[in-house]
Each structure stands twice: as structure tokens, then as C-alpha cells.
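Let's walk through this model together, one question at a time.

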Amino acid sequence: MDPRLPALSPGARWALAALAGVLNGVAFIFWGPAALLANVPLLWALHGARSRWLTAGLGGLVGFLGGLHIYGILDYGQLLFWGFAGYTGSQMVLYALLHRALWGKLHPAADLALPALIWTLTEWLRTVGPLAMPASYVGCIADVPGLRPWLALAPHTGGLGVSTLVAIAQSVIFHGVFGDRPHRRWAAVGAGLLAAAWATGFAFPPPLGDRPIQVAGVQGGLANGQYTAAYADPLAAADVVRTYATLSEQAYRTTAALVVWPETAVREPMLDRPRTAPGFPRDGDRAVLLAGLLHRADGQAFNRAVAVAPGGRILGHYDKVRTVPKTEDYLTKGPAWRPIDTPAGRLGPIICLESVYPDASRAMVGNGAELLLVMSNDAGFGRSPITRHMTNRAIVRAVETGRWLLRVGQAGITTLIDPRGVRHGQLGLFEPGLLEGEARLRGDQTLWVRWGPWWMGLCGLSLLAIGAATLRRRRRGAAPGAAGPNAA
Amino acid sequence: MSPSGWIQLALWPLAIGYAGWLVPHAWHELNDEVVVQGLFRKYWPPYPLPDGGHVIDPRPVDLAHELRVRFRPAGPERSAPSTADDVEAWRGHLAVLGVATRNTRARAPLTHPRLLWHAGQPRLVLGTLDRDYVALVPGHGVCLLPEVAPTDGPALDLDAPLVTRWTPVFRP
């Protein structure tokens with residue numbers, strides 16, 4: 001590194017790590033472009049840190065502070081909130097320790113790639129396992145128009161590849177500003193790669209599909225309190241049903257071929273009498289309804305999406321597979337992510353939290369879904385930015401799978417997203433209404449749908465190769481520039 | 001001052017200032033009661049009652065209107081008796097509506113919807129939800145109360161079934 005880079009005291013390192021934590025949090029919640037800078041202060045703080053404990057602490061602080069910004073989940077309990085912050089902290093401990101172990105041991109090109117490879121690993125780890133709680137850079141930039149060309153990588157690599165680009169940007173900035181001449185040269189190469197990715201994405205955006213279908217999302221705009229009241233008071237329940245019935249009937253009078261409710265829009269026993277259930281399409285209506293219901297049968301409860309043809313004929317259903325731990329323990333999980341065949345196409349419903357993870361949408365499209373529907377109820381997040389955060393993840397799902405995606409939120413946000421990540425219309429929080437638009441059905445499968453997390457495999461192998469080379473060099477006793485001149 | 005000193009001088013006040021902004025901002029967002037303008041009416045956020053229980057659906061309550069809508073939708077729309085705590089007047093009101101009643105005490109075990117009085121004001125206990133009682137309380141709205149009545153006194157049981165959880169609201 002640049003020999004003029006000043007030696008840092010532990011206090012300065014902690015201050016830089018705190019800045020990085022704040023920038024990560026800001027990127028996730030308030031302003032996505034902050035992701036391009038987020039870990040730059042951390043990389044500086046880590047540079048020259050000899051102590052493993054200090055290194056781990058710096059990384060942990062970054063992740064913990066970033067995790068605290070997801071405060072909207074406090075409505076679901078203190079344990080989830082603090083657990084999430086601790087979880088992201090643990091990921092960044094891994095980031096910091098791997099960086100310390102591998103940076104500066106081989107070639108400047110490896111140094112440039114390392115932050116991106118390590119971030120890719122930690123972000124992938126956040127999507128796997130029973131405690132997985134994703135937090136992705138691609139979601140931070142999904143709604144930034146100037147960075148949208150980068151999203152064109154997602155159909156090939158999954159959203160993870162785009163997150164790698166963001167992490168490369170951080171590395172480019174760090175090595176470009178603080179690096180010695182060899183590192184700055186490779187930072188320029190990295191900048192060139194980023195520009196090339198942008199230009200390619202701009203010149204060759206993903207295809208949109210060619211089978212149009214008119215869709216309508218029905219947003220009741222109710223707070224959770226209204227459902228609590230409906231639980232106790234039949235007239236309050238009638239209000240909820242009447243809201244969805246009225247809006248649905250308006251939708252049936254449009255040209256929509258598919259009308260979609262949000263998650264558990266109605267919790268009344270509708271499927272006992274589908275021919276006469278309020279809001280279900282009658283004979284003579286043209287649209288298929290995908291209804292979000294809380295369905296009870298045989299002593300079990302299901303978070304269910306039901307496809308209903310005009311006249312009340314049930315075409316099929318999907319039960320939520322990935323339920324929210326603790327909160328949805330009373331639900332019986334669905335068996336698989338399988339689309340529903342309807343005259344409006346092969347529909348791929350994904351319910352709420354399932355849209356935050358890449359596996360549900362990939363499985364749906366892999367099993368033939370031509371259109372994705374995210375049915376969500378984010379009323380519990382109130383007016384916090386979490387719903388925007390969730391909507392951005394839906395953008396990533398649309399681009400990864402090459403599918404149009406209609407996100408219908410019970411309390412918002414309802415929006416139609418195309419396979420390029422562009423949003424067509426929006427209903428805001430707690431705003432009752434209809435969102436109408438034209439989507440297009442697609443039957444092809446992107447590389448990511450077919451090959452899955454191959455990008456992680458490539459990055460993982462690269463990281464292993466760097467690790468093996470580092471180990472071999474250490475055993476030979478030749479370790480140039482081990483910790484640099486700026487020891488803690 | 002060393003570079004480390006300058007870094008700390010710049011960043012720690014920034015971090016503290018940011019935390020000073022973020023914490024109240026998050027607190028406000030998390031505790032901001034959502035008032036929802038629904039399709040048909042406004043919904044206010046729930047709140048606790050000073051004597052115990054919660055108002056789960058705050059709204060104006062016209063008991064005479066509620067009785068008709070809930071128990072005799074085809075019945076005539078009538079104003080409430082002019083004397084709010086006149087049990088006989090309410091019995092007559094319900095009779096004109098076509099709802100049979102039976103004398104009881106406010107704190108008797110609940111087997112039917114019950115019109116009772118507290119502090120001179122009528123309230124309608126509709127049924128139960130788990131261990132709470134669902135009641136319409138004028139001046140508040142639909143409430144969950146820990147006991148059927150805070151004080152004992154004369155009451156009227158209505159000839160109708162109790163409301164329980166998810167009582168279906170529509171019929172084919």
C-alpha cells in the first residue's frame with residue numbers, strides 16, 4: 001500500500017469501522033448508492049491491524065451497526081431485532097478475518113478481488129440454512145436508475161453477481177485512493193470492468209417477453225388493527241371483506257385477465273362457498289382471481305394463494321412454504337414451490353418473506369412459472385422503510401428469473417416490475433386501490449434459473465485458490481508485505 | 001494532531017450526531033400510530049382503556065343503529081331512548097325492533113349478547129374472544145374487556161347467539 005498511508009491508532013480504527021457500519025445501514029434502508037462506499041472505511045481500518053481480536057471486533061461492529069438499521073422488525077419482537085444485528089455482525093467478523101488472512105500476501109490483483117470475493121461469500125451465506133436472513137447489496141441498488149444496467153448481470157449470475165460488482169466498486173475506491181502504484185493500476189482495471197458491465201447492461205438489456213397480459217393488483221390498505229378487530233367483531237370482518245370485494249369488482253370491470261389479492265387479504269372461510277364468496281369472480285367475468293387467504297381446514301391453517309376462475313371454480317392453490325419462524329409456527333407449510341396453471345398463464349405465487357430469498361422464485365420459474373406474483377402483508381412494519389426494502393428484493397427476483405413480477409401488498413407497496421427491474425406504477429402505504437398494468441408472460445429460463453448459484457461456486461473456488469496460494473507461500477517462508485507498515 | 005486524532009475528531013461526533021438523529025427517527029416511526037383512510041370509513045389506531053381492556057376498533061358508536069344492523073337489519077331505524085339508562089325504555093326499543101329480551105344481571109355468566117349499563121351509559125357485550133369480552137362502548141368503539149361488566153346491576157340478554165372468533169359474515 002501507499003507508504004504515506006498514516007498509521008492508525010485503535011481508536012481511529014474503531015471510528016472508521018463505525019462509519020462503515022453506518023454507511024452499510026444507510027445503504028440498506030435510506031439511500032442505496034451508499035453501498036458503493038460502505039466498506040471502504042472498514043478496509044482502511046483493517047489495513048495493518050495485527051490483532052485478530054481487533055480485526056474481528058472491527059468487522060463485528062460494522063455488521064452489528066448495519067443490522068441495527070433494520071429496526072422495522074422490532075414490531076416482530078426484540079429477539080428478532082437483536083438476533084438479526086448479531087447475525088450480520090457475525091458475517092462481518094468472517095469478512096474481516098478472511099481479509100486480514102489473505103490481503104497483501106499475493107498479487108495486487110488478488111488484493112483487489114478479495115473484498116468482492118469475501119463479500120460474495122458472506123452474502124451467499126446469509127441466504128442458506130434455517131436461520132438465513134438475507135441482506136444484499138443488489139437490493140440496495142435495485143431501485144437506483146443510474147445503476148440499473150448492472151442489474152442485467154442478474155439473469156446470468158443471480159442477484160449475487162450484482163452484489164459482487166458493488167463490492168468491487170468498494171475495492172476499486174479503496175485501492176484507488178489509498179493504494180500504491182501496482183494497486184492503483186489494478187483498481188483502474190477494476191473500474192474498467194465495472195464500466196464494461198454497465199455499458200454491456202445498457203446496450204443489451206434483458207428481454208421483456210412477447211405475450212402480454214393485463215393484470216390488476218388489489219390493495220386494501222388496511223392496518224393490522226383492522227384484522228384484529230375483524231377477528232373479534234363480525235361487522236369489522238364484513239368491512240374487510242367488503243373492501244376487497246368492492247375493489248375486486250372494480251377490477252373485473254377492467255380489461256384485466258388476472259386480478260391478484262395480497263397475502264391473507266381475507267381470513268373468512270371463503271372456500272366453502274367459492275361460487276358466492278364476495279370478491280370472487282362470477283360467471284361472465286373474464287378475469288382469474290389469485291386470492292390471498294388464511295384458510296382453515298381439518299384443524300390446520302394455511303397461508304394460501306388460491307386461483308379462482310369465473311364462476312368460482314378453483315383452479316389450484318399454493319401454500320406458503322417458507323413461513324416466518326415463531327410468528328407463523330401455527331401454519332401448516334406448503335409442500336413445494338409449484339406454479340398454478342390457469343387460463344391467465346402459469347402463475348408463480350410467492351408469499352411475503354419468501355420473496356426476500358432467491359430460492360423460492362428460482363424454483364417457481366424452474367418449475368414453469370411464466371409470471372411471478374409476490375403477495376405480501378407488510379402492515380406490521382407500519383411506515384418504516386422496511387417495505388421499500390422488501391420491494392427492492394422483489395425487483396431482484398424479477399430480474400434474476402427474467403419474469404414480470406406483480407407485487408401486491410395488503411398495506412402497500414403494490415407495484416408491477418419488469419424483467420429489467422423497471423417499476424410500472426405504485427400504490428403507496430395504507431392506500432386502498434387498484435394497480436392496473438400490462439405484464440408479459442415468458443417461458444424461457446435464465447442461466448441463473450438453470451444453473452443456480454454457480455457464481456458463488458466460481459467465487460468460492462477463487463477464494464479457495466487465493467487461500468491455498470497464500471498458505472503455500474507462507475509455508476515456503478516467502479511472505480512479502482505481510483501486514484504493511486501500519487501495524488496496530 | 002496525528003492523522004488518527006483527526007480521524008477520530010471528525011468521525012466520533014458524526015457518529016454521535018447520526019445516532020442522535022436515527023434513534024428518535026426510528027422511535028417515531030415505530031410508534032407512529034397509523035390512521036387509515038379506508039374505502040368506507042376512517043380507521044384509528046387501537047388504544048388501552050384506563051379501567052382495563054383495549055379499544056381495538058375506535059369509532060363512534062350509535063347503539064340504536066348497532067342493534068338494528070347486528071340483530072334486525074330489516075327492522076326500522078329508530079333513535080335511542082332519550083334516557084340512556086332507562087332499562088324499560090331500551091327493552092321497549094328492542095321489542096319494536098323485534099328482538100326478544102330477558103332480564104338478567106350485568107355480571108351474570110354470559111350466554112347471550114347483553115345490554116348493560118356502567119356509569120349511567122349503556123354498552124353492548126357481543127360475545128367473547130379467548131378470555132376477553134367483546135363489547136361496543138359508546139365514546140370508544142369496539143373493545144376487548146377483561147370482565148363482562150365493571151359493576152353489577154340490571155341488564156338485558158338479547159335473544160341472539162354470542163359472537164365468537166371469526167363469526168362468518170356472509171351467507172350464500
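Q: Which residues does L16(A) touch, leaving out those up to four places away in sequence?
A: This is a predicted model, so keep that in mind as you look. L16(A) is one of the residues that touch the most other members of the largest nonpolar core. Look for its partners in both chains: P41(A), L42(A), W44(A), A45(A), I7(B) and L11(B).

Q: At roughly what angle do the axes of helix α5 and helix α9 of chain A cross?
A: Two packed helices are described by the angle between their axes and the distance between the axes. Here the axes of α5 (residues 108-125) and α9 (residues 159-178) of chain A come within 8 Å. The crossing is right-handed, and its angle is roughly 145 degrees.

Q: How many nonpolar, polar and charged residues are in the contact of α5(A) with α9(A)?
A: On the α5(A) side you'll find residues including L112(A), A116(A) and W119(A), and on the α9(A) side residues including S163(A), A167(A) and H175(A). Sorted by class, the contact of α5(A) with α9(A) comes to 8 nonpolar, 6 polar and 2 charged residues.

Q: Is I118(A) buried or exposed?
A: I118(A) sits in helix α5 of chain A and touches Y95(A), L98(A), H99(A) and L463(A), not counting residues up to four places away in sequence. Y95(A) is 23 residues away along the chain, yet the two C-alpha atoms are separated by 5.9 Å. A residue counts as buried if 20 or more other C-beta atoms lie within 10 Å of its own. Because I118(A) has 26 of them within 10 Å, I118(A) is buried.

Q: How far apart are the C-alpha centres of domain 1 and domain 2 of chain A?
A: Domain 1 of chain A covers 10-205 + 450-476, and domain 2 covers 211-441. The two are in contact, with 24 residues of domain 1 and 21 residues of domain 2 taking part. Their centres, taken over C-alpha atoms, are separated by 34 Å.

Q: Which element of chain B gives the most to the side that touches chain A?
A: The contact between the chains takes 36 residues from chain B and 44 residues from chain A. On the chain B side, α1 (3-31), β4 (54-58), β7 (121-129) and β9 (141-145) give two or more residues. By class, that side has 27 nonpolar, 4 polar and 5 charged residues. With 11 residues, the biggest giver is α1(B).

Q: How far apart are the C-alpha centres of the domains of chain B?
A: Chain B is divided into domain 1 (1-32) and domain 2 (36-158). Between their C-alpha centres the separation is 51 Å.

Q: Where is the peptide bond that is cis, with omega near -5 degrees?
A: Most residues other than glycine have a negative phi, and most peptide bonds are trans. The bond runs from G412(A) to I413(A).

Q: Is T264(A) buried or exposed?
A: T264(A) isn't a glycine, yet its phi is positive, near 40 degrees. You'll find T264(A) in the loop between β2 (258-260) and β3 (288-297) of chain A. Because T264(A) has 23 C-beta neighbours inside 10 Å, it counts as buried.

Methods
Residues are numbered from 1 along each chain as its sequence is written. Chains are lettered from A and ligands numbered from 1 in the order in which they are written. This is a predicted model: local features need pLDDT of at least 70, side-chain atom pairs count only at pLDDT 80 or more; totals for chains, interfaces and linings use all residues. A nonpolar core is a set of buried Ala, Val, Leu, Ile, Met, Phe, Trp, Tyr and Cys residues joined through C-beta atoms within 7 Å. A residue is buried if 20 or more other C-beta atoms lie within 10 Å of its own, exposed if 12 or fewer, and partly exposed in between; C-beta atoms are placed from the backbone. Two residues are in contact if their C-beta atoms, placed from the backbone, lie within 7 Å. Axes are lines fitted to C-alpha atoms, for helices over the stretch in contact, and angles run from 0 to 180 degrees between N-to-C directions. Helices (H or I, at least four residues) and strands (E, at least two) are DSSP runs, numbered from the N terminus. A crossing is left-handed if the near helix is turned anticlockwise from the far one by less than a right angle, and right-handed if clockwise. Ala, Val, Leu, Ile, Met, Phe, Trp, Tyr, Cys and Pro count as nonpolar, Asp, Glu, Lys and Arg as charged, and the others, Gly among them, as polar. Domain bounds come from an automatic or database domain assignment.
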